[in-house]
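The structure is shown first, and the reading follows.

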Amino acid sequence: MFETVNQQHLPPPVAPPPMQQPLGGAKGPLYGPSEQLLQLHYCIHSNPSWPRAVLLGFQHYIVMLGTTVMIATYLVPRMGGTHGDKARVIQALLFASGINTLFQTWIGTRLPTVMGPSFSYVLPVLSIIKDYFDNNNFTSEHERFLHTMRTIQGSLIVSSIINILIGYLKVWGKFTRLFSPIVIVPVVCVVGLGRFAMGFPQLANCVEIGLPMLILLVACQNLMRIHPVAHAVLEKFALLICIGLVWAYAAILTVAGSYNNAKADTQQNCRVDRSYLLESAPWIKVQYPFQWGTPIFRASHVFGMFGAALVTSAEGIGQLFDGLFGAVVGTSASVENVGLLGLTHVGSRRVVQMSTGFMIFFSIFGKFGAFFAMIPLPIFAAMYCVLWGIVGESS
C-alpha cells in the first residue's frame, strides 16, 4: 500500500534520447546527437536524403568556387601568370580547400564549415608581388610567376607555425572564455557587412547580369511564401536555380553579339567566353606538394604573412597544407558558405563533406571544373551580396 502510493507521486519516466551511430562505424559505442537548433531543418547529425545531400553539397561548392575564381583572377595576372597558370592556381585552391574542409569536418571542429580561400591573405600576397614586379632578373613573366608562387609557398608554410602553436598551446581556447555576446555580435556583423565593399563593385562591372541575379535571388525569398511546393524547392535550391537562369541569360547576350562593340573591361566581365579557362585548363592535373618548385623563404614576406595568419587563427594545419600544395592564399572558414547555411537552413555535416568531393574531383579533372568556373564574376558578386547580408542579419 505504502509502496503503491509513493509510486503514484513519482515523476513520469523520461524516454531515453535517440541514439546514433558514430562516424567510425556500426561497432562503435552509441551516443546521442547534439542539440537540434530550431532554425535549422537539418543539424550536424541529421541528414537529408542522399540525392538532396548531393545537390546541396554541389551548391556549397558553387558558392566557394566564386571566391576562388575572384582571388585567382585578381592575383595571377599581377604575378605575371597566363590563363593556363590561372586555371592551375584555381585547381590548387580547390584541392587545398577540399582537403582542409574534409579534415575540419572529420577530425577538426567537426562542424559543418566549408574552408575556402581567404581575402585576408590578399594584402601580404600583393606585397610579395610588388617586390618582384620591378625585378629585372627574370627572363620571362612566367618565371616571375613561378618565383612569386614559390615565395608565397614558403611564407605560408613558415607562418602556419604561429597558428599551430596557438592551437597546441590552447591559447585560443583560453581567450575565448573572455568573449561574450557583446563582443561576438559586432564582430559577426562587421564580417558580414564589411564584405559588401567587394560584392557591389564587382556586381557593377556588369549590371546587365549582376542586377538581374540580385533581384531574382531576393524575389525567390518572397516566392517561397506562395505555395508549399515552391517553398520546399526554393528554400533549398534557389541559389542553383537563379545561377542557372542568369548564366543562360548571359550566354544568350554573348551569342547575340550584345558586347561585340563594348569595351574590353565590359567584355571581360559580361561575356561567358572571356575567362579562357576552358581552353587553357588541363584535362587531368594531379595535385602534389611543391608543384611550383622549391619554396623560397624570405623573412620580410614571412612576417607579412603572419598578420593574415593571426586573422584566420585556428587553421594552422590547414595553412600548412595550403603552403605545401601551392595555394596562392591560405584558407579559412568561408563567410559565404555560412550565409548559404542561413539561406537553406541546412547545417548537416554530411552535406558539407559532399562538397569536398566536388572540390577534389574538379581540382583533378580541370576541364570539368573550368566549365563552372566560367560563370561571370558579377553573378557570383550578386549572390554574395545576399549571403553576406544574411550573415550580418544573423548577428
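## Disulfide and basis of the model

With a disulfide taken as a pair of cysteine sulfur atoms within 2.5 Å, the count comes to one disulfide. The bond joins Cys-206 to Cys-270, with an S to S distance of 2.0 Å, and the link is right-handed, with 125° about the S-S bond. The two partners belong to distant parts of the chain, 64 residues apart: Cys-206 sits in the loop between helix 8 (196–204) and helix 9 (207–223), whereas Cys-270 is in helix 11 (residues 264–270). Helices here are DSSP runs of H or I with at least four residues, numbered from the N terminus.

The model is predicted, so that local features need pLDDT of at least 70 and side-chain atom pairs count only at pLDDT 80 or more, while totals for chains, interfaces and linings use all residues. Residues are numbered from 1 along each chain as its sequence is written, and side-chain values use heavy atoms, with hydrogens and water left out.

## Burial of the cysteines

Cys-206 has a relative accessible area of 0% and is buried, a term that means under 20% relative accessible area with a 1.4 Å probe and protein chains only. Cys-270 is likewise buried, at 0% relative accessibility.

Cys-242 is also buried, with a relative accessible area of 0%, but its sulfur lies 3.6 Å from the closest cysteine sulfur, that of Cys-220, which is too far for a bond. Cys-385 counts as buried at 5% relative accessibility.

## The second largest pocket

The second largest pocket has a volume of about 690 Å³. A pocket is an open set of points on a 1 Å grid over the protein atoms alone, where a 1.4 Å probe fits, with protein on both sides within 12 Å along at least five of seven lines, and lining residues have an atom within 4 Å of a point; the volume is the space filled by probe spheres set on the points, which are joined across faces, edges and corners.

Of the 30 lining residues, Met-70, Thr-73, Tyr-74, Gln-202 and Leu-377 are the closest to the centre of this pocket. Helix 2 (50–79), helix 3 (83–106), helix 8, helix 11 and helix 18 (377–394) each give two or more residues to the lining, and the largest share, seven residues, comes from helix 2.

## Surroundings of Ser-355

Ser-355 lies in helix 16 (residues 349–364) and is buried, at 0% relative accessibility. Leaving aside residues up to four places away in sequence, Ser-355 touches Gly-57, His-60, Tyr-61 and Val-114, where contact means heavy atoms within 4.5 Å. Ser-355 and Leu-55 are 300 residues apart in sequence, yet 9.1 Å apart in space, C-alpha to C-alpha.

Notes:
Buried < 20%, exposed > 50% of the residue type's maximum accessible area, 1.4 Å probe, protein only.
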